[in-house]
Amino acid sequence: LVTPTLARPAVAATGWQERGWRASLQAAVEFAPFTGAWNVAGTPALTTPVARSADGHPIGVQLAGPPGSEARLLRLARTLERALPWPRHAPMLARRHLG
């Protein structure tokens, strides 16, 4: 099964310490609604970047499989990585080093 990793672009990483646990949990569920079910089910799943947004951030997909499919999922992720290589540096850091 292939699903999006996230439901929307990344949110700012500031201000979370000021939110309560309930607000943080709700935001996490809305931000990444597709990944939690596989964690709870205990079946193999992984996420891997397959594209980049206009601002250079990775866009990922989640690959999920039946019990015992870990090796198959890892082979598929390796194949995707080779076909769709991604930068090893955060976009902000890459611009800083190139600039």
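What share of the contacts in the chain with a separation of 6 or more comes from residues 24 or more positions apart? The share is 52%.

## Model and confidence

This is a predicted model. Mean pLDDT for the chain is 84. Of its residues, 87% reach 70 or more.

Helix α3, residues 70–83, has the highest mean pLDDT, at 94. Helix α4, residues 91–98, has the lowest, at 54. Where pLDDT is low, the predicted coordinates should not be read in detail.

## Fold and surface

The chain holds four helices and three strands. Read from the N terminus, the order is β-α-α-β-β-α-α.

The chain has 99 residues, and 19% of them are buried. Its exposed surface comes to about 7400 Å². Carbon and sulfur atoms supply 62% of that area.

## The largest pocket

The largest pocket holds about 260 Å³ of space. Its lining includes Pro4, Thr5, Leu6, Arg8, Pro9 and Ala10. Ser53, Asp55, His57, Pro58, Ile59 and Gly60 also line the pocket.

Strand β3, residues 58–64, gives the largest share of the lining, with three residues. By class, the lining divides into six nonpolar, four polar and two charged residues.

## Arg8

Arg8 is one of the residues lining the largest pocket. Arg8 sits in the loop between β1 (2–4) and α1 (21–31). Its relative accessibility is 40%, so Arg8 counts as partly exposed.

Beyond residues up to four places away in sequence, Arg8 touches Ala27 and Phe31. Ala32 is 24 residues from Arg8 in sequence. In space, the C-alpha atoms of Arg8 and Ala32 are 8.1 Å apart.

## Thr35

Thr35 is found in the loop between α1 and α2 (36–41). Is Thr35 buried or exposed? Thr35 counts as buried because its relative accessibility is 18%, and the cut-off for buried is under 20%.

Leaving aside neighbours within four places in sequence, Thr35 is in contact with Thr5, Thr47 and Gln62.

Definitions and conventions:
Residues are numbered from 1 along each chain as its sequence is written. This is a predicted model: local features need pLDDT of at least 70, side-chain atom pairs count only at pLDDT 80 or more; totals for chains, interfaces and linings use all residues. Side-chain values use heavy atoms; hydrogens and water are left out. pLDDT is the predictor's confidence in each residue, from 0 to 100. Helices (H or I, at least four residues) and strands (E, at least two) are DSSP runs, numbered from the N terminus. On a 1 Å grid over the protein atoms alone, a cavity is a set of points where a 1.4 Å probe fits but cannot get out, and a pocket is an open set with protein on both sides within 12 Å along at least five of seven lines; lining residues have an atom within 4 Å of a point. Grid points are joined across faces, edges and corners, and a volume is the space filled by probe spheres set on the points. Ala, Val, Leu, Ile, Met, Phe, Trp, Tyr, Cys and Pro count as nonpolar, Asp, Glu, Lys and Arg as charged, and the others, Gly among them, as polar. Buried means under 20% relative accessible area, exposed over 50%, partly exposed in between (1.4 Å probe, protein chains only). Contact means heavy atoms within 4.5 Å. Accessible areas come from the Shrake-Rupley method with a 1.4 Å probe; for residues, only the protein chains shown count as cover.
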